[in-house]
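Subject: Handing over a structure

Dear colleague,

Please find below the sequence and structure that I am passing on to you. My notes on what was found follow directly after.

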Amino acid sequence: MRYSSNFAKTLKNAPADAETTNARLLQQAGFVDQLMAGVYSYLPLGLRVLRKIENIVREEMNTLGANEVLMPILHPKAIWEATGAWNNVDVLFKLQSRTGNEYAIGQSEEEVVTPLVMQRAQSYKQYPLAVYQIHWKYRDELRAKSGIMRGREFFMKDMYSFHTTQEDFERFYQNAKEAYLRIFSRLGLTAKVTEASGGNFSEKISYEFEVLTDAGEDVVYYCDACDFCVEDEIAKQKPGDTCPRCSKDVLHEAKAAEVGNVFDLGKKYGKDFDLSYTDEQGEKQYPIMGCYGIGISRVMGVIVEKYNDEKGMMWPKSVAPFAVHLVSIVGKNVDGTVAATAERLYDDLVVVGVEVLWDDREDVSAGAKFADADLIGIPLRLVVSEKTLAESEVEWKERSASEASRVSLAEIIEKVRSFQL
RNA sequence: CGGGCUGUAGCGCAGAUGGUAGCGCGCUUCGUUCGGGACGAAGAGGCCGUGGGUUCAAAUCCCGCCAGCCCGACCA
């Protein structure tokens, strides 16, 4: 992508009301635009990051063997009455049509997925199975906050699994947990599997995947010597207590952001809709269900919170909007060799599949381009200028490094390709 | 939903005691500059969040409402 074609350029002054780091940097760099509290547009650079995260999640869900679907956001009132949520869930957005009919805007999809699956999975032979989607969710939050980390509209992967036995659910949950840890690791995040309460409709414990960050809203007690972590709300321990799992360290207190969760839904939804399957003995049975969420847009905010410095964002390679930020400094170059070389390098990199953002602007100073590159935070910056071309070289500067180096034009393509790996 | 702060140009801000709006960035044009947010000149751009009130006169004073941010509560 040529930066000159990007309509959403960086801002020299960040919007003043964006106090949270992710809100400030994402808006200043032109990744997102706020429409109202908790509702954002994703601009070209931001959308690329969102899609990167989404695709990593999708790959791991597919590896788990789950079916991807896309379910509606606009729901009839009846399905939400069937589960009791219409009157009991206060974050549910409700609306009325001109004919007076009432609808809900999806804040979760158990009400849709349960009939969708159960009407088609009437034999025990079809189990276990899992279905997921990656789509927008809507919750009537009293207080949206922290940039894209707590929106009233947010992008989420939600998966639902269906089982004939509790043991099978536990087995699938373990696989899902491993997939989740792989996902967060690929995203550059360390997520702690955390015991939490089961919410309004589940007596059982749920598990949340928490990333330590002061921008988070949760408080957890965790152990450094093992992977024990518990939400303060349900903890039977206090900070400073010996770790109940390994006894090798004491528990530390920290703020954390919930980036994923798993709920044991039991047989509630099958019963609510009276949808069952037939088991081997010919008996009607309700399935045991699990629900697994990952807040894609929130994860994007958390990554910004974890990877930034005073100059801007520092995207991990796996989710960066582009792999390379190519900067051409034309300066006094009148014969056009700088621009021509930059364009050839851009084309050559694109041809071999490298995603390149080329700052091809000719009326912008070198300093401004560098400041923008630091703010946008692509992992590798390449500079082509008269200075580097005099040596037939390209300047190589990694966003996380303080020093730049040089690479010859002859080797640059190979070097970039190996850097990507 | 309770409390606090804030709404003036695309962004950041200034506009005491009321007299009809200004600066920086950005944008347009011209010239100079050309490796860490360059410089000069000339321009364009505002229903001062919104509704009411007080007043000869309101961005400014009073009341209501709306919106954004922060703290808290809430959070399938």
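**Notes on the model**

S146 sits in the loop between strand 7 and strand 8 (153-163), where helices (H or I, at least four residues) and strands (E, at least two) are DSSP runs numbered from the N terminus. This is a predicted model, in which local features need pLDDT of at least 70 and side-chain atom pairs count only at pLDDT 80 or more, while totals for chains, interfaces and linings use all residues. Residues are numbered from 1 along each chain as its sequence is written, and chains are lettered from A and ligands numbered from 1 in the order in which they are written.

To stay with backbone geometry, S146 has a positive phi of about 55° although it is not a glycine, and it counts as buried because it has 22 C-beta neighbours inside 10 Å. The cut-offs are 20 or more other C-beta atoms within 10 Å of a residue's own for buried, 12 or fewer for exposed, and partly exposed in between, with C-beta atoms placed from the backbone. S392, in the loop between helix 11 and strand 22 (393-398), is likewise not a glycine and has a positive phi of about 55°, but with 11 C-beta neighbours inside 10 Å S392 counts as exposed. A cis peptide bond, with omega of about -5°, joins Y127 and P128, and P128 is found in the loop between helix 5 (110-118) and strand 7 (129-138).

For chain A as a whole, the secondary structure comes to 12 helices and 23 strands, and the C-alpha trace spans about 80 × 60 × 45 Å along its principal axes. Buried residues make up 42% of the 421 residues in chain A.

The largest nonpolar core has 108 residues, and those with the most contacts inside it are I53, V259, I296, V324 and L326; a nonpolar core is here a set of buried Ala, Val, Leu, Ile, Met, Phe, Trp, Tyr and Cys residues joined through C-beta atoms within 7 Å. This core draws at least three residues from each of domain 1 (3-309) and domain 2 (324-420), the bounds coming from an automatic or database domain assignment. Leaving aside residues up to four places away in sequence, V324 touches L349, V354, V356, I378, L380, L382 and V416, a contact being two C-beta atoms, placed from the backbone, within 7 Å.

Strand 13 (residues 251-266) is largely enclosed by the rest of the structure, because 12 of its 16 residues are buried. It pairs in the antiparallel sense with strand 10 (residues 206-212) over 6 bridges, pairing being called if DSSP finds at least two bridges between two strands. In that pairing V211 stands opposite A257. Strand 13 also runs antiparallel to strand 16 (residues 288-295), joined by 6 bridges, with N261 opposite G293.

Finally, of the 46 residues around RNA strand B, A37, G331, A366, G367 and S385 come nearest, where near requires a C-beta atom, placed from the backbone, within 6 Å of the strand. The elements giving two or more residues to this surface are helix 10 (366-376), strand 21 (380-385) and helix 11 (386-389), and helix 10 gives the most, with 8 residues.

With best wishes
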